[in-house]
Structures are given as structure tokens and as C-alpha cells.
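Please consult the sequence and structure below while reading.

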Amino acid sequence: MLSAISLISGMLTWTLLEYLIHRFLGHQKKENNPITVEHHRHHREGNYFAPLWKKLLLAAVVVPLIALPAGMLLGFYYALLFALGLTGTYLFYEVFHKLLHVMRPLTSYGRWARKHHFYHHFKNPSKNHGVTTPLWDYLFGTYEQVKQPLRVPQKMAMPWLVKNPEPYRKDYLIISRKADAC
């Protein structure tokens, strides 16, 4: 039982970190830290993702900072499970986030997650910070339900949407610069 709790605690810890890093470091006004620089670029160039070496470097700093105190509190075995839950969910997040941008949705959750995430990108960057779950957005009051088609600037439109927009007309409206000015 404690094994499952350790693993799940690590997973939940990543989702909280995902939210906090995204909300408080990714969206600082001044680009005075590498996370803000990379995240601002991701918002300017929707299909840009920080290079793998930068993500691994950040993980190499963050995971030990969290896993070491966990090890002191829980012991090596449970701390290892906690760290596995944390890093496994982080890896899931990295793949999932990229797929949101580059691949059409395959499930109803995938369709919902894209709308939730792209609301953050194209409508209101102070809302919907969670990528893998809306849990922390609900708890911290930053959840915003997407009620109408999102207006997506043509230059930022996701490749899967540009290629076949018809199935997603209820979710997205690709707009040109001229239409945006109206």
C-alpha cells in the first residue's frame, strides 16, 4: 500500500510542479530565467519546444532536490518509487504536450486537453496552466472552461488543424491577419 502511495505521490507532485513552473516561472514578465525565455518562445512559436538537453538539465536539478528529502523521510525504496512516479509523469507530460501541438486528437480526452491547453495559448495565458490535468487550475482558481471556438492565428495554427480543419470547426477557427484586425 505504501508503495502505491509513494508512486502516486510522485505523480501528483509532478502535476503540481508542472502547474507551478508553468504559471509562475513560464509567465514572468521579464525574461530573466531560462524557463521564462523558453516558454515565451514556445508561445511565440507554437511548435517550438526547448531542446532535450535543457530539459534534462532542469530535471537533473529538480528531481534530486525533491527526491533527497523524500529519501530522508521515507527511506530509499519508497523515495525511489516517489522519484519514479515524478520522473515518469514528467516524461509523459513532455510527450503529451508535444503531441497536443503536432498531432490531431485521437480520443475525447485528447480533444478536450487540446482545447484546454490552446485556450491558454490563444485566448488567455493567465488561465489553464495545467497540461496533463486541470486539477491545480480548479484548486487555484485558474481553470477556464472553453465554451466557444478558439480563434487561432493562421501563423500559429497547429499542423494537424491546418491539414484537416473540418472535424474541428466546433473547437477552432483559424483566422488570418486581416480577419484578426476586424
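## The nonpolar core

Phe118, Val152, Met158, Trp160, Leu161 and Tyr172 touch the most other members of the largest nonpolar core, which holds 25 residues. A nonpolar core is here a set of buried Ala, Val, Leu, Ile, Met, Phe, Trp, Tyr and Cys residues joined through side-chain atoms within 4.5 Å. Buried denotes a relative accessible area under 20%, exposed one over 50%, and partly exposed a value in between, with a 1.4 Å probe and protein chains only. Two or more residues of this core come from each of H1, H3, H4, H5, E1 and helix H7 (159-163). The most is given by H4, with six residues. Helices (H or I, at least four residues) and strands (E, at least two) are DSSP runs, numbered from the N terminus.

The model is predicted, so that local features require pLDDT of at least 70 and side-chain atom pairs count only at pLDDT 80 or more, whereas totals for chains, interfaces and linings use all residues. Residues are numbered from 1 along each chain as its sequence is written, and side-chain values use heavy atoms, with hydrogens and water left out.

Not counting residues up to four places away in sequence, Val152 touches Phe122, Ala157, Met158, Leu161, Tyr172, Leu173, Ile174 and Ile175, where a contact means heavy atoms within 4.5 Å.

## Overall layout

The protein contains eight helices and two strands, in the order α-α-α-α-α-α-β-α-β-α from the N terminus. Its C-alpha trace spans about 60 × 35 × 30 Å along the principal axes. Of the 182 residues, 38% are buried. Among contacts between residues at least 6 apart in sequence, 54% join residues at least 24 apart.

## The two strands

Val152 belongs to strand E1 (residues 150-153), along which the side chains alternate. E1 pairs with strand E2 (residues 172-175) in the parallel sense over four bridges; two strands count as paired if DSSP finds at least two bridges between them. Within this pairing, Leu150 stands opposite Tyr172 of E2.

The expected span of a helix is 1.5 Å times one less than its number of residues. Helix H1 (residues 2-25) has 24 residues and should therefore span 34 Å; the 32 Å between its end C-alpha atoms agrees with this. Buried residues of H1 are Ser6, Gly10, Trp14, Thr15, Leu17, Glu18, Tyr19 and His22. They pack against helix H2 (34-44), helix H3 (52-74), helix H4 (76-102), helix H5 (108-122) and helix H6 (135-140).

H3, with 23 residues, reaches 31 Å from its first C-alpha to its last, close to the 33 Å expected. Lys55, Val63, Ala67 and Ala70 of H3 are buried, and H4 is included in what covers the buried residues of H3. Pro64 also lies in H3 and is partly exposed, with a relative accessible area of 34%. Leaving aside neighbours within four places in sequence, Pro64 is in contact with Ala59 and Pro69. The C-alpha atoms of Pro64 and Ala83, 19 residues apart along the chain, are separated by 8.5 Å.

Two packed helices are described by the angle between their axes and the distance between the axes. Axes are lines fitted to C-alpha atoms, for helices over the stretch in contact, and angles run from 0 to 180 degrees between N-to-C directions.

| Helix pair | Angle | Axis distance |
|---|---|---|
| H2 and H5 | about 100° | 10 Å |
| H1 and H2 | about 85° | 9 Å |

H2 is thus roughly perpendicular to H5. Angles under 35 degrees count as roughly parallel, over 145 as roughly antiparallel, 65 to 115 as roughly perpendicular and the rest as oblique. The contact between H2 and H5 is made by histidines: His39, His42 and His43 of H2 and His117, His120 and His121 of H5.

H1 and H2 are likewise roughly perpendicular to each other. Here Ile21, His22 and Leu25 in H1 meet Ile35, Thr36, His39 and His43 in H2.

## Backbone exceptions

Most residues other than glycine have a negative phi. Asn128 is not a glycine, yet has a positive phi of about 55°. Asn128 is placed in the loop between H5 and H6 and is buried, with a relative accessible area of 0%. Just after H3, Gly75 also takes a positive phi, of about 95°.
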